[in-house]
Amino acid sequence: MAAHTDEKESAESLLTEIQARASKAFDVFDHESNKTVDVREVVTIIRSLGCCPSEGELHDLLAEMEEEEPTGYIRFDRFLPIMTNILMERKFKPLPEDQLFKAFEVLDTDRKGHLTVEELTKYMTEEGEPFTQEELEEMLSAAVDPNNGVIMYKDYASLMAVDENT
């Protein structure tokens, strides 16, 4: 019985911690202090909490959080239960560094240890879920090695990896 009580207290403690993290992240973007944020900011909030959903999954999440008649804002009371569920179930976790590295290796058909800007641009805009120009520019600004003008993907995979404990 004591083990069950400890388990329940641990789960409640985790729930409280997760709700506090989600609330704090939401509050950063609640510029009017009225428990609402611009719908465009929700993606940043979700990613700041260590979640990496696809564009399609983000679209579904936003649709779930929005009012029946969209206002352009998301209310905290709609955001918190959905975000708490996502965080409790550890949904949309980023890939670990070794998997990111392997994905880049697959793209590096010549086994050079790097990708050119042109190669990465082609893959990110023509394959799978295409990046927007803005997303591509943001990625390239972080990915391209300033010394040689290519993407040293081993280094970039390390940079992209998210520490599970933060």
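The side chains of E67 and R75 meet in a salt bridge, with N and O 2.4 Å apart; a salt bridge is a side-chain nitrogen of Lys or Arg within 4 Å of a carboxyl oxygen of Asp or Glu. The model is a predicted one, in which local features need pLDDT of at least 70 and side-chain atom pairs count only at pLDDT 80 or more, while totals for chains, interfaces and linings use all residues. Residues are numbered from 1 along each chain as its sequence is written, and side-chain values use heavy atoms, with hydrogens and water left out.

E67 is partly exposed, with a relative accessible area of 22%, and R75 is partly exposed as well, at 32%. In these terms, buried means under 20% relative accessible area, exposed means over 50%, and partly exposed lies in between (1.4 Å probe, protein chains only). In total, the structure holds nine salt bridges. In general, side chains of opposite charge can pair when their charged atoms come close. Another of these pairs joins D38 and R40, whose side chains meet at 2.5 Å, N to O. Here D38 counts as buried at 16% relative accessibility, whereas R40 is exposed at 67%. K112 forms a salt bridge with E119, the closest N and O atoms being 3.0 Å apart. K112 counts as partly exposed, at 33% relative accessibility, and E119 is also partly exposed, at 24%. Salt bridges that share partners join E67, R75 and D77 into one network.

The strands were considered next. Helices (H or I, at least four residues) and strands (E, at least two) are DSSP runs, numbered from the N terminus. I74 has its place in strand β2, which comprises residues 73-75. I74 is buried because its relative accessible area is 0%. Contact means heavy atoms within 4.5 Å. Leaving out residues up to four places away in sequence, I74 touches F26, K35, T36, V37, V39, V42, L62, M65, E66 and F79. The C-alpha atoms of I74 and D60 are 14 Å apart in space, and the two residues are 14 residues apart in sequence.

T36 lies in strand β1, residues 36-38. With a relative accessibility of 18%, T36 counts as buried. Its contacts, not counting residues up to four places away in sequence, are F26, F29, D30, Y73, I74 and R75. The side chain of T36 also makes a polar contact with the side chain of N34, at 2.6 Å. A polar contact is a pair of N or O atoms within 3.5 Å; within protein, one must be able to donate a hydrogen and the other to accept it, and residues adjacent in sequence count only if both atoms are side-chain atoms.

D30 is found in the loop between α1 and β1. D30 is buried, with a relative accessible area of 7%. Apart from neighbours within four places in sequence, D30 is in contact with K35, T36 and V37. A polar atom of the D30 side chain lies 2.7 Å from the backbone nitrogen of K35. By contrast, the C-alpha atoms of D30 and E126, 96 residues apart along the chain, are separated by 36 Å.

Helix α2 (residues 39-48) has V39, V42, I45 and I46 as its buried residues. Seen down the axis of α2, these buried residues fall within an arc of 95°, so they line one face of the helix. The arc is that of the directions from the helix axis to the C-beta atoms. An α-helix has 3.6 residues a turn, so residues three or four places apart point the same way. Just after α2, G50 takes a positive phi of about 85°.

Positive phi values also occur in residues other than glycine. F92, in the loop between α4 (76-88) and α5 (97-107), has a positive phi of about 60°. R111, in the loop between α5 and β3 (115-116), has a phi near 55°. R111 is exposed, with a relative accessible area of 57%.

On the surface, L14, L15 and M88 form a nonpolar patch with about 210 Å² of accessible area together. Patches are made of residues with over 30% relative accessible area and no salt bridge; like charges are joined within 9 Å, and nonpolar side chains (Val, Leu, Ile, Met, Phe, Trp, Tyr) within 5 Å. Accessible areas come from the Shrake-Rupley method with a 1.4 Å probe, and for residues, only the protein chains shown count as cover. L14 has its place in helix α1, residues 2-29, and is partly exposed at 38%.
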